Number of protein chains: 2
Amino acid sequence: MRRRKLKPGTLLGPLPLGMVTCLGQDGRPNIITAAWLGIINSEPPMLSVSIRKQRYSHPWIKASREFVVNLVDEPLAKAADYCGVKSGADTNKFGDLGLTAAPSSMVKAPTIAESPLSLECRIKRILELGSHDMFIAEIVAVTAREELFDKKDRLCLADAGLAAYLHGNYYPLGEPLGFMGYSVAAPHVYRRRMHVLKSRARKGKEAAPAVRAKLGTGQKKPKSRPPDRKQQKNGMG
Amino acid sequence: MRRRKLKPGTLLGPLPLGMVTCLGQDGRPNIITAAWLGIINSEPPMLSVSIRKQRYSHPWIKASREFVVNLVDEPLAKAADYCGVKSGADTNKFGDLGLTAAPSSMVKAPTIAESPLSLECRIKRILELGSHDMFIAEIVAVTAREELFDKKDRLCLADAGLAAYLHGNYYPLGEPLGFMGYSVAAPHVYRRRMHVLKSRARKGKEAAPAVRAKLGTGQKKPKSRPPDRKQQKNGMG
């Protein structure tokens, strides 16, 4: 199996997409999309997000020591792209996209009401790593859209139609490959659980998404300057 | 849009899957699968992986200050699951799965030859966060399978058929939704680039994967004890 050596780079994937909200100048809510984002601890639940110092949201997040990570589903993918390539210094992204800044439950940074699931975070530590500062935060509250709960009140995140980021592009998820432990599951357990997983995945696809951000449908473009080339080149990081 | 509040939890996704390799007891190569994993910096390229102190790989990674993150494609998904639920203390995972521990280019920890892309990492810092220790590392080299390069020698990671982890389950990626900047692209640019992206995605699907780990096909189970329930419950973190 021949392999080729590449120069070191940020070639991990697929990566989660987060529309990270904070309060900017004059308390105006802003959104920056990040993929340099991950879970880093289970008890207590913690995540980290890395943001370039030059980005508009950076000083506001740093000063408030709070932010919300709003997950991105397929209808929100185009809005997430917009919030990654445009700067909050130039435009009001909530207004441009027709998104709703709803109050969060534990932090002042707003929740995007249209997002399937939002993680409210309080910063514990900031590490300066070079191009990016890493915000290490505790997840202090989670809210999710009502329709993601089944009749038994269980959260079905598989139904959310979440989008991922890989090497400059956005993707939905396909049909489930397996569940944790499937490599060692007894055949009858495997069949039963895969059946549940796959039928749930189909149901999730059929359920029409309740909302679409303005940019989520069609090719309508907001009136605004072309995106900063450098930001595009830098990716979601 | 009604939302429901949940108790704080690690509900970010989709997450990348990494088969993290190191040298264990007597220099024996081992694999642990992790999803508490993410890019944290661009220049220099850095990633972090969080591993529970109790896991077999933890002290070996900590002592050697090196590891390799091997990305997981669809044929490797079942092997990745196996390496997440089994412990290197009980079994030789490379042997069980028929995977190849190839030399890496810059670190002593091995590369899984069957993995589409491998990130060789050197630890810069370790943070104790609670349940997990976060290994903060620089990506010092990257290798990828020869067939992921196109005629112009460009890496086509979209062709790799990578798998993601979400809330206890594994998924492939679907058809591309867009490219970075698509929300603000001119219509002719949008059409041209989406055409290239989608035809590439189809080609990637048609190209039969060169290798399959032993567990990757069918339901054959290795001879071994049932997985540790607690590890299963804890997820990939």
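This is a predicted model: local features need pLDDT of at least 70, side-chain atom pairs count only at pLDDT 80 or more; totals for chains, interfaces and linings use all residues.
Residues are numbered from 1 along each chain as its sequence is written, and chains are lettered from A and ligands numbered from 1 in the order written. Local features need pLDDT of at least 70 and side-chain atom pairs 80 or more, while totals for chains, interfaces and linings use all residues; side-chain values use heavy atoms, without hydrogens and water.

**Salt bridges**

Over all chains, the whole structure holds 20 salt bridges (a side-chain nitrogen of Lys or Arg within 4 Å of a carboxyl oxygen of Asp or Glu). One of them joins K53(A) to D133(A), with 3.0 Å between the closest N and O atoms. K53(A) sits in the loop between β6 (46-52) and α1 (57-64) of chain A and D133(A) in strand β11 (residues 132-145), so this pair ties together parts 80 residues apart in sequence. K53(A) is partly exposed at 37% relative accessibility, whereas D133(A) is buried at 0%.

In chain B, K53(B) and D133(B) meet in a salt bridge, 3.0 Å from N to O. Here the loop between β6 (46-52) and α1 (57-64) of chain B is linked to strand β11 (residues 132-145) of chain B, the two residues being 80 apart. K53(B) has a relative accessible area of 37% and is partly exposed; D133(B) has 0% and is buried.

E138(A) pairs with K124(A) at 3.8 Å, N to O. E138(A) belongs to strand β11 of chain A and K124(A) to strand β10 (residues 117-128), 14 residues away.

| Salt bridge | N to O distance |
|---|---|
| K53(A) and D133(A) | 3.0 Å |
| K53(B) and D133(B) | 3.0 Å |
| E138(A) and K124(A) | 3.8 Å |

Salt bridges also link R2(A), R4(A), E146(B) and D153(B) in a network.

**The sheet**

An open, antiparallel sheet is formed by 4 strands in the order β14(A)-β13(B)-β12(B)-β2(B) (strands are DSSP E runs of at least two residues, helices H or I runs of at least four, numbered from the N terminus; paired strands share at least two bridges). β14 (178-179) of chain A and β2 (15-16) of chain B are the edge strands, each with a single partner, so one side of each has no neighbour in the sheet. Between β2(B) and β12 (residues 163-166) of chain B there are 2 bridges, and these strands run antiparallel. P16(B) faces A164(B) of β12(B).

**Confidence**

Chain A has a mean pLDDT (the predictor's confidence in each residue, from 0 to 100) of 89, and 86% of its residues reach 70 or more. In residues 216-230 of chain A the pLDDT is below 50, and the stretch has 22 contacts in the model beyond near neighbours in sequence (heavy atoms within 4.5 Å).

Note on methods
Buried means under 20% relative accessible area, exposed over 50%, partly exposed in between (1.4 Å probe, protein chains only).
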